[in-house]
Amino acid sequence: MTRGERRKFWTGLAFVSPWVIGFLVFGLYPIVMAAYYSFCNYNVLQDAQFVGLINYQEMLEDDVLWKALYNTLFYAIFSVPLGLIVALLFAVLLNRPIFGRSIFRMLFYVPSIVPLVAIAMIWLWVFNGDVGLLNYALSLIGIDGPNWLADPAWTKPTLILSAIWMVGGAMVLFLAGLQDVPRSLYESAELDGAGAAKQFWHITVPMVSPVIYFNLIMGIIYSIQELVRPYIMLPDGGPDRSGLFFAVYLYQTAFRDLRMGYASAMAMLMFFIILLLTWAVTKLIQSRIYYEGA
């Protein structure tokens with residue numbers, strides 16, 4: 001390596017050093033310590049005591065944990081695909097030359113930047129079984145709405161419905177992807193007699209498939225880590241723990257019960273679940289993702 005190359009190397013390293021230091025301190029170090037504490041009995045107030053696989057053995061027998069994991073996976077299975085579909089449809093509609101398009105884009109995006117605590121409080125009012133806005137609207141057309149947050153059959157659907165309101169971020173990414181779809185493809189399809197539905201399925205979807213893949217992976221990660229809304233809307237998990245999410249149970253275990261060792265084991269389980277789901281989704285759809293020039 002010449003003197004000039006060494007200078008470029010150290011200059012580049014100096015520029016990336018803030019990110020590297022931040023990743024090591026706030027990323028890698030917490031992961032390594034969580035992995036270590038998962039094998040310990042640790043309550044923050046005393047030194048950690050190594051106990052081997054006891055925390056992992058306890059997880060196998062923890063009915064509450066498996067209930068929370070089931071609730072979380074149920075939520076992810078329905079909320080992520082539904083959110084992707086709604087975001088893509090909104091993006092397609094707002095990509096058309098309609099009056100006030102910029103205003104509509106802003107209105108659809110704003111909910112995604114509102115603090116989650118405020119969003120949770122809004123939905124608590126909307127889904128209130130007695131004085132909620134949604135049940136009042138249903139009563140105007142003669143429908144007796146359910147007690148959304150107090151009925152075990154409706155807690156998870158309620159959280160799924162409230163999640164759809166925050167698809168603005170995914171919608172903006174879809175809009176960016178739609179800007180790169182060549183107009184000539186649609187014109188050729190029209191000349192061949194393809195209707196709007198065929199154009200959407202055979203042109204729009206393949207061309208924005210990288211964005212679909214990105215939003216899908218991020219949606220899986222966010223849904224598995226969902227904490228604020230279920231924690232505020234359904235404290236203690238709701239009736240029969242039907243709305244207890246994995247991240248909420250992890251938080252309660254760590255900061256309410258001060259069982260940091262067991263919570264670290266739960267965090268490692270969450271990490272491997274996300275890793276497994278990401279790998280599985282990538283394997284399933286990687287052959288269907290279109291990259292221009294690939």
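This is a predicted model: local features need pLDDT of at least 70, side-chain atom pairs count only at pLDDT 80 or more; totals for chains, interfaces and linings use all residues.

Select Ile98, Ile103, Phe104, Met106, Leu107, Phe108, Tyr109, Val110, Ile113 and Val172: together they make a nonpolar surface patch of about 870 Å². Now colour helix H4, residues 101–109, which supplies six residues, the largest share of that patch.

Stay on H4 and pick out Phe108, which lies in this helix. Is Phe108 buried, partly exposed or exposed? Its relative accessibility is 31%, so Phe108 counts as partly exposed.

Next, select helix H8, residues 168–179. Its twelve residues reach 17 Å from the first C-alpha to the last, close to the 16 Å expected at 1.5 Å a residue. Show the side of H8 that is hidden: Gly168, Ala170, Met171, Phe174, Leu175, Gly177 and Leu178 are its buried residues. Which helices do they pack against? You will find H3, H4, H10 (196–207) and H11 there.

Now go inside. The largest nonpolar core has 63 residues, and Tyr249 and Met266 have the most contacts inside it. Helices that give two or more residues to this core include H3 (63–94), H8, H11 (209–224), H13 (246–256) and H14 (260–285). H3 gives the most, with 14 residues.

For the last stop, centre on Met266. Leaving aside neighbours within four places in sequence, Met266 is in contact with Met59, Leu65, Phe246, Tyr249, Leu250 and Thr253.

How values were computed. Residues are numbered from 1 along each chain as its sequence is written. Side-chain values use heavy atoms; hydrogens and water are left out. Patches are made of residues with over 30% relative accessible area and no salt bridge: like charges are joined within 9 Å, nonpolar side chains (Val, Leu, Ile, Met, Phe, Trp, Tyr) within 5 Å. Accessible areas come from the Shrake-Rupley method with a 1.4 Å probe; for residues, only the protein chains shown count as cover. A salt bridge is a side-chain nitrogen of Lys or Arg within 4 Å of a carboxyl oxygen of Asp or Glu. Helices (H or I, at least four residues) and strands (E, at least two) are DSSP runs, numbered from the N terminus. Buried means under 20% relative accessible area, exposed over 50%, partly exposed in between (1.4 Å probe, protein chains only). A nonpolar core is a set of buried Ala, Val, Leu, Ile, Met, Phe, Trp, Tyr and Cys residues joined through side-chain atoms within 4.5 Å. Contact means heavy atoms within 4.5 Å. The expected span of a helix is 1.5 Å times one less than its number of residues.
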